[in-house]
Amino acid sequence: MKRWFQLCLVVGLALLLASCQQHTTSNKQHKKVVKVAVSAEVNPPYLYTDKNNQFIGLDMDYMHLLEKKLPQYDFQYEIGEEEANLVGLGAGKFDMAINWFFKTPEREEKFLYQNEPYSYSLTMLAVHKDNETIHGLSDMPNYRLTPMAPSGGLYSILSRYNEAHDKQIDIDTIHSPSNGDNLKMISQGRRDAMFINWNTYTAIQKVLKQDVKIGGIVSKEPLHIVYNKENKQLHDDIDRATKELKDEGKLQELSHRYFDIDIYQDLDTINSKKDALEVQ
């Protein structure tokens, strides 16, 4: 009887383990695979690599939160150059792409954009550390900006400003501007201000340590996931999950972790705390 009981116990455990394994395999098989294009360009604090060359940052932390919220999906990541990723997205090679994307009219024609932004990019004016007169774009018609590329999000913001205002900002464009050289121009007094993204400014200033500071935060540009237009259900599910994460305060926690402020607050409040954004 004892041997019979032991045999039954072993057989029972084996059947239980097989059932669990089958259930796990079945669950995995029922998940919808989502191919996510991630840019190879390092862009802290949104995306960068750790000492093991693994991608980390706000974007990846956000994706991990989505993984928990949306267990019906199996998110699989592929690293590539941004333009190649977008071509692949349009061709259906990828279902979605995440890389600090602004909305642009050209891309909105090709892709489906996230409606609930997962974070924001701060655009700012870098000025000489002794400058107390430049705080926003309304100050700039009287001053000279450093040159910038004649395309991209920053140029679009300035162009929209000029379209809406009588006093124009002089936009000096060159095809391949150097952010480092531009920041040195401000430090040396050869130009009055530089229009730049906060994260780019921070990364450069940590290395160059120029005599510059944040004159003012100009705008909060929403950051979006972009999708192949065939993935409306995925788009809707991630929008819903993103709203839940905001309501739960999870995205605000990421903001404090990477910015030291709540980036979801209004622009005036953020400007009142701009010292926390300065390179120490």
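**Pockets and cavity**

Analyst: Bearing in mind that this is a predicted model, I would begin with the second largest pocket, which has a volume of about 290 Å³.

User: Which residues lie nearest the centre of that second largest pocket?

Analyst: Pro45, Trp198, Thr202, Lys206 and Tyr258 lie nearest the centre, out of 15 residues that line the second largest pocket.

User: And which helix gives the largest share of its lining?

Analyst: That is H7, with five residues, while H7 and helix H9 (250-259) are the elements that each supply at least two residues of this lining. By residue class, the lining of the second largest pocket has nine nonpolar, three polar and three charged residues.

User: OK, now the largest pocket: what volume of space lies in it?

Analyst: The largest pocket holds about 1,100 Å³ of space, and its lining is made up of 39 residues, with Ser151, Gly152, Gly153, Leu154 and Asn197 nearest the centre.

User: Which elements supply at least two residues each?

Analyst: On the strand side there are E5 (96-101), E8 (193-197) and E9 (212-227), and on the helix side H4 (105-110), H5 (152-164), H6 (179-187) and H7 (198-208). Of the lining of the largest pocket, H5 gives the largest share, with seven residues.

User: How do the lining residues of the largest pocket divide by class?

Analyst: They divide into 19 nonpolar, 13 polar and seven charged residues.

User: Changing topic, how many cavities of 30 Å³ or more are there?

Analyst: The count comes to one cavity of 30 Å³ or more, and the largest cavity has a volume of about 40 Å³.

User: What lines the largest cavity?

Analyst: Its lining consists of Tyr143, Arg144, Leu145, Asp170, Asp172 and Arg191, a set that divides into two nonpolar, no polar and four charged residues.

User: Last one, the protein overall: how many helices and strands, and what share of residues is buried?

Analyst: The protein has 10 helices and nine strands, and buried residues make up 45% of its 280 residues. As for contacts with a separation of 6 or more, residues 24 or more positions apart account for 74% of them.

Terms used. Residues numbered from 1 in each chain as written. Predicted model: local features only at pLDDT ≥ 70, side-chain atom pairs only at ≥ 80, totals over all residues. Heavy atoms only, no water. 1 Å grid on protein atoms, 1.4 Å probe; cavity = no way out; pocket = protein on both sides within 12 Å on 5 of 7 lines; lining within 4 Å. Points joined across faces, edges and corners; volume = space filled by probe spheres on them. Helix = DSSP H or I, 4+ residues; strand = E, 2+ residues; numbered from the N terminus. Nonpolar A, V, L, I, M, F, W, Y, C, P; charged D, E, K, R; others polar. Buried < 20%, exposed > 50% of the residue type's maximum accessible area, 1.4 Å probe, protein only. Contact = heavy atoms within 4.5 Å.
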